[in-house]
Amino acid sequence: MNWTWIYIGAVYAAAIWLARRGGVDIPKRVALFFYLLVLLFFFRPLTGNYVNTQDDVLNTLPPWHLVVDDQQAINLEMNDVPLQHTVWGHQAREAWKSLRLPLWNQFNGSGYPLLANGQSSALSPIRLINLPVPANHFMAAEAATKILIALTFTFLFCRGRGYAELASVIGASMFGFGGFLHSWLHFPHVTTACFLPAILYLIDRMALHQGLPRAQGALAPTSQAGLVTAAALTWTAILFGGHPETASHIFFLALLYVVWIVFVERRANWRLFLTLGGAMTVAALLSAPFLLPFLEALPRSQRYQALKVLPLEAKALPYTDLECMIVLFQAHFFGRAPFEKPWGPAVAEPVGGFSGVLGIASFFALLISVIRRRAWRSPEMFFGLATILVFGVINGWPFIGAAIHAVLPVVAHARFRLLFVLLMAVQAAAAVDLTLRSQRKELVAGAAVVGAMLLL
């Protein structure tokens, strides 16, 4: 019997109970809806004798290809999952369950670091929480956990902004089931990325704690010590997720958001930087078992040495053409990979930016609303400006792309699509909230703009 669904439900219920006890106002019906949504999506791997990772790439490699009749793979692009993430995750789990530190991978050639290999996610709380799950189901359990974290914190962030419950559920669903989280679901990218809305939510709570005006319907502040502790633990979870690239992208958006709150909205003062800086300092100290080996290994990496010869800004950046922009509107425009041969970029990188057409229509709807209301200092204005900036990075616009590459020279910025998906989801929640408040013209106009763009 596969009892993974019961275990995931029990852990999530306990987390919701603890959160509500701590003053986080997440309705039980919303938490139940999120759990049922995830259970439905992962029904076979959570309840049956079924593995949902793409493992048939092993049929193309020795020794397995010598003993199978079908030597083809459906999706070679996902080869990292069976060749790296599943096996490293299994080794880390077995070490912890044997009460050993997962320091060394003795099965890889003459030996290879395991804990210092960030993509083993050996210290990630998502991995540790799911240790009781059997080996053949742990990847599905971790995937369900990631989506539940993303859904819950996106909902809380939207509610904290004062959006209606239904609007917040829609926004959370768009991010939790958007292109980025599911393109990279079994990768450490998402073990890190699922905490992005949690950081934004905690920034909002810290701003509220300073006693300045807050949005109508927004959640009440909690204690400063509790917020700093939560922020430090969340940043630690992000770093232990094992994907520093994604962690740097989260930091980038978080920094922009704090700057906007302090200097434009003015609903917090400069002490917010100190509070967040203190939380991140604690997180860095807690994450030292991973960060120190990573920083030592970075100058020896292939990417680091290659970029010394030819920096990213000097290269022709991939996935920045018109076809990849179209995928942001319709993920299957060029075919349904891997089940049919696509005639365009239907691969993980561009598809990872898809969040649904509603988000793009909402971007234009909020732009119209901000102009009409002259709400230049509103959060919706920030979301719009941040979307334009992120879109420019994704598509390699002059100056914008080069500036980001200069600031973060070792990072592959095609995965800024994570930020694009979240911004689309939050703007969808804001636009739906406007509609629920009988302000429907903006969303209708936004839908018309998107319709014209799709027709073009």
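The legends below describe close-up views of a predicted model.

**View 1. R303 and its place in helix α15.** R303 is part of helix α15, which covers residues 302-309. Its relative accessibility is 39%, so R303 is classed as partly exposed, since that class lies between the limits of 20% and 50%.

**View 2. Surroundings of R303.** Apart from neighbours within four places in sequence, the residues in contact with R303 are E245, V410, V411 and A412. With E245, R303 also has a polar contact between side chains, at 2.3 Å.

**View 3. R303 and I400.** In sequence, 97 residues separate R303 from I400. In space, the C-alpha atoms of R303 and I400 are 22 Å apart.

**View 4. Crossing of helices α12 and α21.** Helix α12 spans residues 244-265 and helix α21 spans residues 417-436. Their axes come within 9 Å and cross at roughly 45°. The crossing of the two helices, α12 and α21, is right-handed.

**View 5. Residues between α12 and α21.** On the α12 side, the residues that meet α21 are T246, H249, I250, F252 and L253. On the α21 side, L418, L419 and L422 meet α12. Sorted by class, this contact of α12 with α21 has 6 nonpolar residues and 2 polar ones.

Note on methods. Residues are numbered from 1 along each chain as its sequence is written. This is a predicted model: local features need pLDDT of at least 70, side-chain atom pairs count only at pLDDT 80 or more; totals for chains, interfaces and linings use all residues. Side-chain values use heavy atoms; hydrogens and water are left out. Helices (H or I, at least four residues) and strands (E, at least two) are DSSP runs, numbered from the N terminus. Buried means under 20% relative accessible area, exposed over 50%, partly exposed in between (1.4 Å probe, protein chains only). Contact means heavy atoms within 4.5 Å. A polar contact is a pair of N or O atoms within 3.5 Å; within protein, one must be able to donate a hydrogen and the other to accept it, and residues adjacent in sequence count only if both atoms are side-chain atoms. Axes are lines fitted to C-alpha atoms, for helices over the stretch in contact, and angles run from 0 to 180 degrees between N-to-C directions. A crossing is left-handed if the near helix is turned anticlockwise from the far one by less than a right angle, and right-handed if clockwise. Ala, Val, Leu, Ile, Met, Phe, Trp, Tyr, Cys and Pro count as nonpolar, Asp, Glu, Lys and Arg as charged, and the others, Gly among them, as polar.
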